[in-house]
Amino acid sequence: MRLLIMGPQGVGKGTQAALLAEHYGIPTISTGDIFRYNIKNKTELGLEAMSYTDKGELVPDSLTNKIVKDRLAKEDCANGWILDGYPRNASQVEALDEMLAELDTKLDHVVALEAGRDVLLERMKKRAAEQGRADDTPEAIAKRLETYEKETAPLLDTYKSRGLLVAVNGVGEIDEISKTIIAALG
Ligand code: AMP
């Protein structure tokens with residue numbers, strides 16, 4: 001199973017990706033987690049990414065595409081994966097298409113989690129208080145939502161026109177949402 005999980009910040013992508021990964025026995029690849037790991041360990045990649053993540057801006061495609069390409073080539077990805085937080089703009093969709101063609105494989109589904117703006121902002125406020133992520137400042141949160149609406153949300157139409165989109169309501173009990181997604185994926 002090769003899946004994308006898409007949706008705005010705070011919709012529960014990470015939580016649902018973890019449950020799907022467990023259900024299908026495949027790894028989750030979260031570009032946000034990869035950046036955070038590198039920032040924490042002060043690697044070259046981390047130092048470069050930090051100036052963007054702190055402001056809630058997208059890290060340049062050249063860096064982001066490369067980390068995904070390297071990760072998809074790893075052995076544990078041979079039988080499937082879930083990409084969480086990638087692609088986030090049209091150029092990343094193109095880059096992913098090329099990677100998949102090179103690997104002679106294709107996407108099975110794109111899961112889009114949905115929730116209203118009020119729910120998202122409330123969840124983000126809670127996460128900021130609980131986790132203290134460096135990029136959960138009010139300015140960065142607002143910037144990420146704006147970037148999502150402008151650059152990422154239009155990609156849902158791209159995947160819809162390819163017949164890959166599975167839209168699921170992201171508001172409700174975590175387990176119920178997970179069951180709904182799995183049922184929809186067949
Ligand atoms: P996330 O945890 O998915 O919200 O990602 C945290 C931050 O990492 C984002 O605000 C971006 O700065 C960066 N990031 C994660 N994924 C991507 C991506 N696909 N393209 C560019 N930047 C990304």
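Before selecting anything, one term: helices here are DSSP runs of H or I with at least four residues, numbered from the N terminus. Keep in mind, too, that this is a predicted model.

With that numbering, pick helix 2 to begin. Helix 2 gives six residues to the lining of the largest pocket, the largest share. Helix 2 spans residues 31-40 and also supplies the largest share of the shell around the ligand, with four residues.

Now show the ligand. The space it takes is the largest pocket. There are 16 residues around the ligand, and Thr 31, Arg 36, Glu 57, Gly 85 and Gln 92 come nearest. Colour that shell by class and you get four nonpolar, six polar and six charged residues.

Next, zoom in on the polar atoms:

- Arg 36: a polar side-chain atom lies 2.9 Å from an oxygen atom of the ligand.
- Gly 85: here a polar backbone atom is 2.9 Å from a ligand nitrogen.
- Gln 92: an N or O atom of the side chain is 2.9 Å from a nitrogen atom of the ligand.

How much of the ligand does the protein bury? Taken alone, the ligand exposes 470 Å², and the protein buries 95% of that.

Elements giving two or more residues to the lining include strand 1 (2-6), helix 1 (13-24) and helix 7 (138-161). By class, the lining has 14 nonpolar, 21 polar and 14 charged residues.

Key
Residues are numbered from 1 along each chain as its sequence is written. This is a predicted model: local features need pLDDT of at least 70, side-chain atom pairs count only at pLDDT 80 or more; totals for chains, interfaces and linings use all residues. Side-chain values use heavy atoms; hydrogens and water are left out. A residue is near a molecule or strand if one of its heavy atoms lies within 4 Å of it. A polar contact is a pair of N or O atoms within 3.5 Å; within protein, one must be able to donate a hydrogen and the other to accept it, and residues adjacent in sequence count only if both atoms are side-chain atoms. Accessible areas come from the Shrake-Rupley method with a 1.4 Å probe; for residues, only the protein chains shown count as cover. On a 1 Å grid over the protein atoms alone, a cavity is a set of points where a 1.4 Å probe fits but cannot get out, and a pocket is an open set with protein on both sides within 12 Å along at least five of seven lines; lining residues have an atom within 4 Å of a point. A molecule sits in a cavity or pocket if more than half of its atoms lie within 2 Å of its grid points. Ala, Val, Leu, Ile, Met, Phe, Trp, Tyr, Cys and Pro count as nonpolar, Asp, Glu, Lys and Arg as charged, and the others, Gly among them, as polar.
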